[in-house]
Amino acid sequence: MDTLIEITNLSKHFGSLTAVDGISFSVRRGEVLGFLGPNGAGKSTTMKMVTGFLTPSGGEMKVCGHNVLEETIQAQKRIGYLPEGAPLYPDMTPEGLFAFVAQIRGLYGAEQADRIADVVEKVHVANVLRQPIETLSKGYKRRVGLALAILHDPEVLVLDEPTDGLDPNQKAEVRSLIQQMASEKAILLSTHILEEVEAVCTRAIIIDRGKIVVDGTPEELEARSRFHNTVRLSLSNAPGGVVERLRSITGVASVEEKVHSNGNHGFRVIPKGGENLVASVSECIRENGWKLDELSVERGRLDDVFRMMTKSDVETTDVVQPVNAASGSQTSDEKEEVPA
Amino acid sequence: MKNTISIFKRELSGYFATPVAYVFIAVFLFLAGLFTFNLGSFYERGQADLRPFFQFLPWLFLFLIPAISMRLWAEERKQGTIELLFTLPITMWQAVLGKFFAAWAFAVLALALTFPMWLTVNYLGTPDNGVIAASYIGGALLGGGFLAVGSFVSSITKNQVIAFVVSVVVCFLFMLTALPPVMSMLSGWMPAAMLDAVAGISFWAHFEAITKGVIDIRDGVFFASLIVFFLFANALVLDIKKAS
């Protein structure tokens, strides 16, 4: 796999504010890199620099081997970019805008028509092609913006919150579109939605206050969660002292109990340092003769890792940007059924 | 070049995508007629020429040209579309020139639509059509100069109202310098060479010279260098904003 995006020690200052503080990463062909972080952490600023819109204060960026600062045009030819909020000319129709961008991208005649037809089908905007963009819904605008980004079938895609403002069906469509394209491209995408990282990303970076705090696969990120390898069990009979017995297993940090609506007693056994406790927990159940209804292991929660890693922002009051990213996360409780 | 033409076309069709262009042209033609026939005493003068029209043209342009130029960059910045534009593989100059020439083409179109006046004087008498042609060229150059100033001012702000007001004031200052009241005020204390320089940068003086029917190469060079200067400043501002 070849490296298509290479960022070295990139930084950006706005006056006294440091938006991006010496970050380095690379994205190879076939990779989908998820860019996570609270609002104002520097995600969009980084993307604006990679795409040649903003000039960095320091550092180096290479896209497909072209230095973004010195060979801006060459780099930009290879990038498809969806800016934050998908800005589009409100007076134009999607049709007109596609033709304009296609011309700039060097697509003419039959090739242009083919490419436009292709992306129109991919993002499903055929029925609004002749409507002024200002009259379109947020979801349509976002999809038109996405179509512009993939119009010239670029090797590198930079997508700033590609699914923001889309309904769940549209989100799923955009994700499957990203997955389809993933094998031939290097994709950098930012998001607030943590489930998106699990769904499409092969790697994720959490960035906080302009610095990379975590870089790894979604699984590695989940492993950092306090709840990684938490054993969840449900008992249909619950004699007293279950919590105490579970707590006495070596490697257990804490145990939570919850009574379910069907009368079952649910327990969550949280391990110390992510230790795997399935074997010892099931042994404990057998020894005590508890009637087991359900047993599962949690992989850990991304939103928990996210909150843990970006906590610096919450505790200080002098930060300009609110941290509503964490509260808006939608990580589902991932479960893996394990035979008891 | 191809890219400049693509941007030019997009911009120009953008003017006609909304009623703004039609309203602008209607207002321009109405005011041009009003100034020429009423205030300019077109008929009473009994002369077959377009002097009344070209005398008022700078004042008309002073307010109407900034109305075209105010949105050039301020609107892009406000809508965020500047990010779309500048992440396409185009150079700064292609964008600046494409936008400027589109605005200029629109202004020249509005100016050209005053041709019924030219038909009228030709119907009523035998005007010096050479002078009229020169005056139209002068009008186009004056419009270009105002537009370059306006485009520059528009790149500084994302507020169109500010862009409009500042452009009017700057253009007004450029017009004012050669007018008799200013000249007599300055001549009291300013050395003659400086006075010449001040008079020399006046849009009015150069426009006036062309409307007399003599297209002096120096007047042409004046407007050309003025346009280049302000477009250069325009590109510079965009570049600085990229890095800030």
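In what order do the four strands of the open sheet in chain A stand, and is the pairing parallel or antiparallel? The order is E2-E1-E4-E5, and the pairing is antiparallel. Helices (H or I, at least four residues) and strands (E, at least two) are DSSP runs, numbered from the N terminus. Two strands count as paired if DSSP finds at least two bridges between them.

The model is predicted: local features need pLDDT of at least 70, side-chain atom pairs count only at pLDDT 80 or more, and totals for chains, interfaces and linings use all residues. Residues are numbered from 1 along each chain as its sequence is written, chains are lettered from A and ligands numbered from 1 in the order in which they are written, and side-chain values use heavy atoms, with hydrogens and water left out.

In the four-stranded sheet, strand E2 (17-28) and strand E5 (66-67) of chain A hold the edges. Each has a single partner strand, so one side of each is left without a neighbour in the sheet. E1(A) and E2(A) run antiparallel and are joined by eight bridges. A:Thr3 faces A:Arg28 in E2(A), standing opposite this residue. Helix H1 (residues 43-50) of chain A lies across E1, E2 and strand E4 (58-63) of chain A. H1(A) runs at about 120° to E1(A). Axes are lines fitted to C-alpha atoms, for helices over the stretch in contact, and angles run from 0 to 180 degrees between N-to-C directions. Contact means heavy atoms within 4.5 Å.

Chain A also has an open sheet of six strands, in the order E6-E7-E8-E3-E9-E10, with mixed pairing. Strand E6 (79-82) and strand E10 (211-216) of chain A stand at its edges. Each of these two pairs with a single strand, so one side of each lacks a neighbour in the sheet. The twist averages 15° from one strand to the next. Strand E3 (residues 32-36) and strand E8 (residues 186-190) of chain A run parallel, joined by four bridges. Here A:Leu33 stands opposite A:Leu188 in E8(A). H1(A) packs on this sheet too, touching E3, E6, strand E7 (156-160), E8 and strand E9 (203-208) of chain A. The direction of H1(A) makes about 145° with that of E7(A). Helix H11 (residues 302-309) of chain A touches E3, E9 and E10 of chain A, and its direction makes about 35° with that of E9(A).

Over all chains, the structure holds 18 salt bridges (a side-chain nitrogen of Lys or Arg within 4 Å of a carboxyl oxygen of Asp or Glu). One of them joins A:Glu155 to A:Arg29, with the closest N and O atoms 2.9 Å apart. The two residues are 126 residues apart in the chain. A:Glu155 is in the loop between helix H5 (138-150) and E7 of chain A, and A:Arg29 is in the loop between E2 and E3 of chain A.

The contact between the chains takes 26 residues from chain A and 26 residues from chain B. Together they bury about 2500 Å², 64% of it on carbon and sulfur atoms. Buried area is the accessible area (1.4 Å probe) that two parts lose on being put together, summed over both. On the chain A side, A:Phe53, A:Tyr89 and A:Ile104 lose the most area to chain B, together 28% of what that side buries. One salt bridge crosses the interface. It is formed by the side chains of A:Lys48 and B:Glu83 (3.8 Å, N to O). Strand E1 (3-14), helix H2 (72-77) and helix H3 (94-104) of chain A each supply at least two residues of the side that touches chain B. H3(A) gives the most, with four residues.
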